[in-house]
Amino acid sequence: MSRGGSAGFDRLISIFSPQGRLHQVEYAFKAVNAGGLTSVGIRGKDSCAVITQKKVPDKLLVPGTVTHLFPISDNVGCVMTGMLADARSQVERARYEAAEFKYKYGYEMPVDQVARRIADLAQLYTQHASMRPLGVSMIVCGVDEELGPQLYKVDPAGYFIGYKATSAGVKSQEAANFLEKKIKKTPECAWSFEETVELAIKTLRDVLAVDFKPSEIEIAVVTADNRKFRVLSEDEVEEFLNAIAEKD
């Protein structure tokens with residue numbers, strides 16, 4: 001618990017400190033970094049790619065069951081950074097909302113509407129003392145029929161916005177700086193599918209200063225040609241890693 005002028009104001013989520021801060025919400029942002037992972041999302045000309053680290057903490061675990069990439073509907077998916085239990089809860093709610101939308105209106109829930117609905121719920125959790133903010137950051141991606149590739153990020157406070165490229169987790173600021181330099185050179189983000197995936201890998205590699213094995217990262221993509229959200233296999237990841245190594 002913080003001391004001094006803010007003493008006691010971090011006990012309840014619905015009480016502002018004299019400085020106008022909600023300490024429990026700020027702690028939720030810190031919880032996003034608790035897992036020690038970094039995630040990146042990039043929007044290309046006709047595709048989106050999301051990438052995150054894959055750490056299997058125990059040799060007894062089945063590696064295939066450890067993931068931070070989740071489909072929400074057939075055409076929309078996300079990468080979750082932070083507390084995995086909270087992430088699963090938020091993904092389940094997003095899937096419910098997407099299914100309800102499709103049942104009601106007869107077509108898939110657009111990417112921006114998924115992000116908006118999850119952000120609305122996350123913001124609600126900052127108002128009620130009976131709830132707590134979820135310690136996760138959600139990066140949502142998909143290809144919209146009218147607007148093309150879309151990339152959104154939802155934070156624990158319920159703020160969401162569209163991005164050309166974004167990051168979350170421990171090294172999110174370093175990744176953002178790296179991506180800003182790349183986008184200055186290509187402001188229209190006119191990257192092909194291969195270039196988008198390779199840029200995502202390079203961003204994570206350069207920020208963390210490690211050379212990845214195919215089993216150490218997870219990549220999911222969605223393209224204009226195939227709007228289905230799919231996770232790349234280790235063989236496909238290895239092909240991209242080899243292509244990057246050859247260019248370097």
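Modeller: Ala-209 is found in the loop between H5 and strand S9 (217-223). Keep in mind that this is a predicted model.

Biologist: Why does Ala-209 count as exposed?

Modeller: Exposed means over 50% relative accessible area. Ala-209 has 66% relative accessibility, so Ala-209 counts as exposed.

Biologist: What is the phi of Ala-209?

Modeller: Phi of Ala-209 is near 60 degrees, a positive value in a residue other than glycine. Most residues other than glycine have a negative phi.

Biologist: Which loop holds Cys-189, and what is the phi there?

Modeller: Cys-189 sits in the loop between helix H4 (172-185) and H5. Its phi is near 55 degrees, again a positive value in a residue other than glycine.

Biologist: Is Cys-189 buried or exposed, and how do you know?

Modeller: The cut-off for buried is under 20% relative accessible area. Cys-189 has 1% relative accessibility, so Cys-189 counts as buried.

Biologist: On to the helices. Why are H5 and H6 called roughly perpendicular?

Modeller: The axes of helix H5 (residues 193-208) and helix H6 (residues 234-247) cross at roughly 80 degrees. Roughly perpendicular covers 65 to 115 degrees. H5 and H6 are therefore roughly perpendicular to each other. Their axes also come within 10 Å.

Biologist: Which residues meet where H5 contacts H6?

Modeller: From H5 come Phe-193, Glu-194, Val-197, Glu-198, Ile-201, Lys-202 and Arg-205. From H6 come Phe-240, Leu-241, Ala-243, Ile-244 and Lys-247. By class, this contact has 7 nonpolar, no polar and 5 charged residues.

Biologist: Let us turn to rings. How many aromatic pairs are there?

Modeller: The count comes to 4 aromatic pairs. One of them is Phe-101 with Tyr-107, at 5.3 Å centre to centre and 90 degrees between the planes.

Biologist: What makes Phe-101 and Tyr-107 an edge-to-face pair?

Modeller: Rings pair if their centres lie within 6.5 Å, and planes over 60 degrees apart count as edge-to-face. With 5.3 Å and 90 degrees, Phe-101 and Tyr-107 form an edge-to-face pair.

Biologist: Why is the pair of Phe-193 and Phe-240 edge-to-face?

Modeller: Their ring centres are 6.1 Å apart and their planes stand at 80 degrees, so the pair is edge-to-face. Phe-193 lies in helix H5 and Phe-240 in helix H6, so the pair ties together parts that are 47 residues apart in sequence.

Biologist: How do you know whether Phe-193 and Phe-240 are buried or exposed?

Modeller: Phe-193 has a relative accessible area of 19%, so Phe-193 is buried. Phe-240 has 11%, so Phe-240 is buried too.

Biologist: Now the strands. What makes S5 mostly covered?

Modeller: In S5, 9 of its 9 residues are buried. On one side are Val-136, Met-138, Val-140, Gly-142 and Asp-144. On the other are Ser-137, Ile-139, Cys-141 and Val-143.

Biologist: How do you know that S5 pairs with S4 and with S6?

Modeller: Strands pair if there are at least two bridges between them. 7 bridges join S4 to S5, which run antiparallel. Met-80 stands opposite Met-138 in S5. S5 and strand S6 (residues 148-154) also pair over 7 bridges, in the antiparallel sense. There, Ile-139 stands opposite Lys-153 in S6. A hairpin joins S5 to S6 through 3 residues.

Biologist: What do the buried residues of H1 pack against?

Modeller: They pack against strand S4 (76-82), strand S5 (136-144) and strand S8 (165-169). In helix H1 (residues 23-32), the buried residues are His-23, Val-25, Ala-28, Ala-31 and Val-32.

Biologist: S8 also belongs to a sheet. What makes S8 an edge strand?

Modeller: The open sheet has 5 strands in the order S8-S1-S2-S9-S10, with antiparallel pairing. S8 and strand S10 (230-231) each pair on one side only, and they are the edge strands. H4 packs on the sheet, touching strand S1 (38-43) and S8.

Key
Residues are numbered from 1 along each chain as its sequence is written. This is a predicted model: local features need pLDDT of at least 70, side-chain atom pairs count only at pLDDT 80 or more; totals for chains, interfaces and linings use all residues. Side-chain values use heavy atoms; hydrogens and water are left out. Axes are lines fitted to C-alpha atoms, for helices over the stretch in contact, and angles run from 0 to 180 degrees between N-to-C directions. Helices (H or I, at least four residues) and strands (E, at least two) are DSSP runs, numbered from the N terminus. Angles under 35 degrees count as roughly parallel, over 145 as roughly antiparallel, 65 to 115 as roughly perpendicular and the rest as oblique. Contact means heavy atoms within 4.5 Å. Ala, Val, Leu, Ile, Met, Phe, Trp, Tyr, Cys and Pro count as nonpolar, Asp, Glu, Lys and Arg as charged, and the others, Gly among them, as polar. Buried means under 20% relative accessible area, exposed over 50%, partly exposed in between (1.4 Å probe, protein chains only). Rings of Phe, Tyr and Trp (its six-membered ring) pair if their centres lie within 6.5 Å; planes under 30 degrees apart count as stacked, over 60 as edge-to-face and the rest as tilted.
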